[in-house]
Amino acid sequence: MGFWEVTQSLIAGLGNTCLLFALTLVLALPLGLVISFGSMSKFKPLAYLVKVFVWIIRGVPLMLQVIIIYYVPGMMFGTPILSRFSAVVVAFVINYACYFSEIYRGGIESIPKGQYEAGKVLGLTRTQVFFKIVLMQVVKRIMAPMSNEVITLVKDTALARVIMIVEIIQAAQNFAAYGLMWPLFYTAVFYLAFVGILTLLFGYLEKKLDYYKA
Amino acid sequence: MPLLEVKDLRKSFGETEVLKGVSFTLEGGEVLSIIGASGGGKTTLLRCLNFLETPDSGEILVNGERVFYIDEQTGKPVTVPGVQNIMGLVFQQFNLFPQYSVKENLTLAPILHAKSDKAKYRQNKKEIHDEIEQQADEMLEMVGLSEKADKYPCFLSGGQQQRVAIARALMLSPEVLCFDEPTSSLDPELTGEVLKVIKDLKSPERAMVVVTHELEFARAVSDKVIFMADGVIDEMGTPDEVLVNPKSEKTIAFLNVPKGY
Ligand SMILES: Nc1ncnc2c1ncn2[C@@H]1O[C@H](COP(=O)(O)OP(=O)(O)OP(=O)(O)O)[C@@H](O)[C@H]1O
Ligand SMILES: [Mg+2]
């Protein structure tokens, strides 16, 4: 089995890795904002409920959550509800949304009260104040922790193997059956390239937001 | 009929009663200065007037119409919608929006207000924007900051930031413009430029309420001065009455406080 053949298999696996990465980001970024609103709700029972939920999701290994979401509905209803890939996406979205929600919450709570009050005194609604005044300042403040999470997500996609999704690591491991170990090490190149691109992207975004200090 | 009438305003935070029945009136075009020792409730009063705090009881009338009152039946406080536009507030800490340029700070709220009338906005989008921008240019000229229009607040001095904040408040043409210690977080050499702007704003078009520790300034611009202590108006009158010939012992003590050095 040659280098080119291995590369092709790994790229096929990388497809799943990228798809899982992209879907998780697209869905978990807005969901995290909703969860952060829940955890900051003035309606205390809701805030506590959300906090307990976040505690559970952050407290249980993601691998276990993937397994639970895939297998438990099957055990309860006799037949699996979600396809393997959907189950992984659901688990990842919930898990990452909870981490994001905490980052958002930290960012939102760090915005001075005066910003809200200035908006209110100018006759803006709460929604306008949030989306036109607060949100952009939050984005700037959470860039660094967000880039950390997003880079972690790249590597967490490997957990999908646990329910037999063939992402890049699994694709490499399939060669182990033929006694080939090097494809596994070779995957590091792909991860490094992926993370390298993200690092450049975040660097660019941070620079773009650097036009003002706060 | 007075432009603004405040009747028996009360406000507590938990156990502490901060406003213990404050009443006064303000005529159109008048400048009212509020002085008093720290913790007397001056900020709380301004925040109530601008609906950042909800008073526990009392009434606020604008042009004879109640804009804030306690509903007799439910006993709940009522704030008439839209009254925010009557009042304006300039904060001690400026509170400019850092991600927007000076000019955008001025135009943000007027544009959002214009957008709330969707049909009208869509039809006259260009004219509306032109008009708001032109008004912003005029306001910046008024506070002497035309050349800073495209700068971001973080690159301005404190005095310049406060002048932007004043221009921003003026964009909505408030009938009553309030200032909460507008120069207290400024270096002494920047105080003058801000006070001069405020002084120049005196006009029949708007009344102003200025909380300040600048007694000479208060004497020069005010039509009326209030001395507040412990949540009540201890003395009220013309600048000369309150600042030069005070009658209340607390006012006399306050004015004669030896500077702490
Ligand atoms: N949100 C709040 N919660 C609890 N107590 C408050 C709150 N806001 C103000 N107070 C208290 O109310 C009292 C009056 O405060 P206020 O800020 O109105 O005084 P002030 O006259 O503006 O004083 P200063 O000259 O220091 O600005 C103070 O004792 C303050 O601690
Ligand atoms: Mg104060």
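Chain A of this predicted model contains 8 helices and 0 strands. Read along the sequence, the pattern of chain A is α-α-α-α-α-α-α-α. The C-alpha trace of chain A spans about 70 × 45 × 20 Å along its principal axes.

**A helix pair in chain A**

Helix α3 (residues 62–77) of chain A packs against helix α4 (residues 84–109) of chain A, where the axes come within 9 Å and cross at roughly 135°. That angle makes α3(A) oblique to α4(A). The crossing of α3(A) and α4(A) is right-handed. On the α3(A) side, the contact is made by L62(A), Q65(A), V66(A), I69(A) and Y70(A). On the α4(A) side, R84(A), A87(A), V88(A), V90(A), A91(A), F92(A), I94(A), N95(A) and Y96(A) take part. Sorted by class, the residues of this contact are 11 nonpolar, 2 polar and 1 charged.

**Two helix pairs in chain B**

The crossing of α5(B) and α6(B) is right-handed. From α5(B), the residues in contact are G158(B), G159(B), Q160(B), Q162(B), R163(B) and I166(B). From α6(B), they are L190(B), E193(B), V194(B), V197(B) and I198(B). By class, the contact of α5(B) with α6(B) has 5 nonpolar, 4 polar and 2 charged residues.

α2(B) passes α5(B) in a right-handed crossing. The contact joins V102(B), N105(B) and L106(B) of α2(B) to V164(B), A167(B) and R168(B) of α5(B). Its residues divide into 4 nonpolar, 1 polar and 1 charged.

| Helix pair | Axis separation | Crossing angle |
|---|---|---|
| α3(A) and α4(A) | within 9 Å | roughly 135° |

**Between the chains**

The size of an interface is often given as the accessible area lost when the parts come together. Chain A and chain B bury about 2,000 Å² between them, and 65% of this is on carbon and sulfur atoms. The contact takes 19 residues from chain A and 25 residues from chain B.

Side chains of opposite charge can pair when their charged atoms come close. Over all chains, the structure holds 20 salt bridges. Across the interface of chain A and chain B, the rule finds 1 salt bridge. In that pair, the side chains of E117(A) and R47(B) meet at 2.8 Å, N to O. E117(A) lies in helix α5 (residues 113–121) of chain A, and R47(B) lies in helix α1 (residues 42–49) of chain B.

Key: Residues numbered from 1 in each chain as written. Chains lettered and ligands numbered in written order. Predicted model: local features only at pLDDT ≥ 70, side-chain atom pairs only at ≥ 80, totals over all residues. Heavy atoms only, no water. Left-handed = near helix turned anticlockwise from the far one by under 90°. Helix = DSSP H or I, 4+ residues; strand = E, 2+ residues; numbered from the N terminus. Contact = heavy atoms within 4.5 Å. Nonpolar A, V, L, I, M, F, W, Y, C, P; charged D, E, K, R; others polar. Buried area = accessible area lost by both parts, 1.4 Å probe. Salt bridge = Lys/Arg side-chain N within 4 Å of Asp/Glu carboxyl O. Axes fitted to C-alpha atoms, helices over the stretch in contact; angles between N-to-C directions. Parallel < 35°, antiparallel > 145°, perpendicular 65-115°, else oblique.
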